Amino acid sequence: MTRPPITIVLARAINGVIGRDNDLPWHIPGDLKRFKALTMGSAMIMGRKTFDSLPGILPGRRHIVMTRDADWSHEGVEVAHDVDGAIALAGDTPISVIGGAAIFALFEPIADHIELTEVLETVEGDVSMPDLRSSERWHEVASEDHLATGDTPSWRTVSLVRA
């Protein structure tokens with residue numbers, strides 16, 4: 001059986017931080033626009049805490065939440081309890097894995113692409129993860145640097161494909 005392409009969409013500071021208090025510890029408007037463009041039309045797979053951090057159901061995307069809680073539900077959300085179940089729910093729709101760290105770790109071995117936003121600062125936070133580029137499984141195919149402006153830190157977009 002074939003499956004749709006799986007892309008991990010991840011923002012990470014240079015020290016590994018990806019979150020603080022169930023939110024992003026930075027505000028980068030250009031990254032939010034990129035996130036929307038990358039995930040539009042996809043089945044977004046996320047953990048429950050990541051879903052809780054969203055402002056609500058994001059238009060133009062399916063929301064698949066992975067949770068161990070058999071009783072959890074939310075209007076407009078499909079619920080899965082494991083990787084295979086989440087992929088099955090996605091059907092033929094391309095998959096965007098959007099977090100958190102445990103969900104990224106589950107999907108990294110089978111993902112086809114990583115779209116990384118690297119915040120070029122050391123940031124305080126309570127959730128972190130290793131740099132997936134250090135794995136021999138990934139090859140960088142594109143990057144673009146963005147200078148700091150106002151309160152927005154410098155950041156870089158990096159596209160990776162499975163080696």
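## A linked set of charges

E118, D131, R133, D145 and R156 are joined in a network of salt bridges (a salt bridge is a side-chain nitrogen of Lys or Arg within 4 Å of a carboxyl oxygen of Asp or Glu). Before going further, note that this is a predicted model, where local features need pLDDT of at least 70 and side-chain atom pairs count only at pLDDT 80 or more, while totals for chains, interfaces and linings use all residues. Residues are numbered from 1 along each chain as its sequence is written, and side-chain values use heavy atoms, with hydrogens and water left out.

(Helices, H or I with at least four residues, and strands, E with at least two, are DSSP runs numbered from the N terminus.) E118 counts as buried at 6% relative accessibility, whereas R133 is partly exposed, with a relative accessible area of 23%. For the cut-offs, buried means under 20% relative accessible area, exposed over 50%, and partly exposed in between, using a 1.4 Å probe and protein chains only.

The structure holds nine salt bridges. One of them brings together the side chains of E115 and R34, at 2.5 Å from N to O. E115 sits in strand β7 (residues 113-119) and R34 in helix α1 (residues 29-39), so this pair ties together parts that are 81 residues apart in sequence. Both E115 and R34 are buried.

Then there's R62 with E78, whose closest N and O atoms are 2.9 Å apart in a salt bridge. R62 belongs to strand β4 and E78 to strand β5, so the pair ties together parts 16 residues apart in sequence. R62 counts as partly exposed at 26% relative accessibility, and E78 counts as partly exposed at 25%.

## The sheet

Now for the strands. Eight of them form an open sheet with mixed pairing, in the order β5-β4-β3-β6-β1-β7-β10-β9. At the edges are β5 (77-80) and β9 (138-146), each pairing on one side only. From one strand to the next, the twist averages 25 degrees. Two strands pair here if DSSP finds at least two bridges between them. As background, strands of a sheet pair through backbone hydrogen bonds, either parallel or antiparallel.

## Around β3 and β6

Strand β6 (residues 95-99) pairs in the parallel sense with strand β1 (residues 6-13) over three bridges, and I6 stands opposite I95 in β6. β6 also runs parallel to β3, joined by four bridges; here I95 is the bridge partner of A43. Five of the five residues of β6 are buried, so this strand is largely enclosed by the rest of the structure.

β3 is mostly covered too, with five of its five residues buried. A43, I45 and G47 point one way from β3, while M44 and M46 point the other way. β3 pairs with β4 in the parallel sense over five bridges, and H63 in β4 is the bridge partner of M44.

Helix α3 (residues 83-90) lies across β1, β3 (43-47), β4 (62-66), β5 and β6, running at about 165 degrees to β4. Axes are lines fitted to C-alpha atoms, for helices over the stretch in contact, and angles run from 0 to 180 degrees between N-to-C directions.

R61 is found in the loop between α2 (48-53) and β4.

A polar atom of the R61 side chain does lie 3.0 Å from the backbone oxygen of P59. Leaving out residues up to four places away in sequence, R61 touches F35, K36, T39, M40, G41, S42 and M44, where contact means heavy atoms within 4.5 Å.

Technical notes:
A polar contact is a pair of N or O atoms within 3.5 Å; within protein, one must be able to donate a hydrogen and the other to accept it, and residues adjacent in sequence count only if both atoms are side-chain atoms.
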